[in-house]
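Please look over the sequence and the three-dimensional model shown here before reading on. The report that follows takes up a few regions in turn.

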Amino acid sequence: MTRAAPPALVVTGATGFLGRTLVARAHESGRFRVLGTVHRSAPPEGAEWEAIPLDLCREEAAERILGNLSPSVVVHAAYGKEPDALHPVIVEGTRAVVRACKKSGALLLHLSTDLVFGGGRGRYRETDLPDPVLPYGEAKLEAERIALHHERTIVVRPSLLYDPLEPAPCEEFVLRALARERRPKLHTWEKRSPTFREDLVAALLVLAETGNPSLLGKDEGGRVLHAGGATDLDRHAFAVALAPFRSYDAELLDRDEAPREGDPRPADCTLVSDRLQSVTGIRLRGVPEVVALPRIPPRD
Ligand SMILES: NC(=O)c1ccc[n+]([C@@H]2O[C@H](COP(=O)([O-])OP(=O)(O)OC[C@H]3O[C@@H](n4cnc5c(N)ncnc54)[C@H](OP(=O)(O)O)[C@@H]3O)[C@@H](O)[C@H]2O)c1
């Protein structure tokens with residue numbers, strides 16, 4: 001008897017911080033045929049997944065390329081952070097991904113963000129109404145709404161992604177400042193629920209195999225899952241927790257205790273994420289637990 005071919009899993013943004021671990025773990029699981037889209041960065045040497053060149057700003061081409069792959073599952077992790085990328089990549093790029101998923105009937109796991117919330121309250125649940133205050137959060141909310149037009153979409157909202165083993169995009173400004181011998185100032189008034197990359201990847205792979213959007217319900221927030229880690233931290237405490245794994249001394253991190261007048265950054269975007277755990281069985285661990293994992297030794 002011939003075995004059925006494994007389902008094709010396409011990850012957009014496969015060279016990004018989340019995407020590169022996702023494609024690696026998906027391949028290691030042996031349960032998918034793994035394809036990843038690449039844009040400006042080349043795939044890592046020896047990558048064992050299939051690299052597909054794709055520019056989401058070329059919407060029609062993106063729709064055609066993704067559609068031709070006939071994926072069973074698409075994890076849409078690609079995005080652009082520059083101001084001029086917000087609309088073309090995040091909003092219009094998502095539109096192209098959604099059209100392709102509709103054509104093939106693929107399950108779409110759409111990566112969004114905790115910054116769809118304005119931070120006025122914190123401990124947000126999926127049923128809370130988004131109220132973004134940053135252009136990035138606004139674009140991501142618009143993309144979520146487009147993504148949810150496809151009935152086989154699940155929106156996943158992580159908080160700050162990190163991994164003690166590799167500096168994350170959210171750490172770039174700290175590392176840049178320290179490299180220039182400046183003391184970075186970190187907000188003690190800005191709270192988030194940082195998400196350990198490996199835990200999010202594990203949850204996404206469970207959703208890719210078993211996720212059934214129709215079982216998540218049709219009510220407000222039904223096909224949305226929050227994916228914040230179990231511990232809420234301010235930005236200063238978060239950088240202090242990661243210091244033992246990086247090349248800096250926590251003493252060099254200054255505290256920024258209060259927002260300046262007119263600062264639009266959300267103060268408290270912490271998430272309640274127990275729904276993701278009940279759907280996937282994966283608990284998103286908090287920063288203190290993750291940094292204490294024996295497989296993640298601090299630097300000497
Ligand atoms: N990082 C966080 O702390 C965080 C927090 C909450 C939510 N999220 C969400 O999680 C997802 C993954 O984030 P990440 O940190 O892994 O992102 P990342 O490291 O910045 O990677 C973004 C990926 O998107 C690709 N990309 C950029 N422009 C593109 C275009 N025009 N066409 C096709 N691909 C393009 C990039 O490729 P090139 O580099 O080659 O251009 C890269 O592979 C995003 O949806 C983000 O909004 C991230």
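## Basis of the report

Two residues are said to be in contact if their C-beta atoms, placed from the backbone, lie within 7 Å. Residues are numbered from 1 along each chain as its sequence is written. The model is a predicted one, in which local features need pLDDT of at least 70 and side-chain atom pairs count only at pLDDT 80 or more, while totals for chains, interfaces and linings use all residues.

## Surroundings of Ser 193

Leaving aside neighbours within four places in sequence, Ser 193 is in contact with Ser 159, Gly 228, Gly 229, Asp 232, Thr 270 and Leu 271. Ser 193 is found in the loop between strand S9 (191-192) and strand S10 (195-196), where strands (E, at least two residues) and helices (H or I, at least four) are DSSP runs numbered from the N terminus.

Ser 193 is buried, because 27 other C-beta atoms lie within 10 Å; a residue counts as buried if 20 or more other C-beta atoms lie within 10 Å of its own, as exposed if 12 or fewer do, and as partly exposed in between, with C-beta atoms placed from the backbone. The C-alpha atoms of Ser 193 and Ala 42, which are 151 residues apart along the chain, are separated by 31 Å.

## Strand S1 and its partners

Strand S1 (residues 8-12) has four of its five residues buried, so it is largely enclosed by the rest of the structure. Strands pair if DSSP finds at least two bridges between them; S1 is joined by four bridges to strand S2 (residues 33-38), and the two run parallel, with Leu 9 standing opposite Val 34 in S2. The chain passes from S1 through H1 to S2 in a right-handed β-α-β crossover, that is, with the strands pointing away from the viewer, the path from the first strand over the helix to the second runs clockwise.

S1 also pairs with strand S4 (residues 73-76), in the parallel sense and over four bridges, and here Val 10 stands opposite Val 74.

## Helix H4

Helix H4 (residues 135-147) has 13 residues and reaches 18 Å from its first C-alpha to its last, close to the 18 Å expected at 1.5 Å a residue, the expected span being 1.5 Å times one less than the number of residues. Among the buried residues of H4 are Gly 137, Leu 141 and Ile 146, and the buried residues of this helix pack against helix H3 (86-104), strand S5 (107-111) and strand S6 (153-158).
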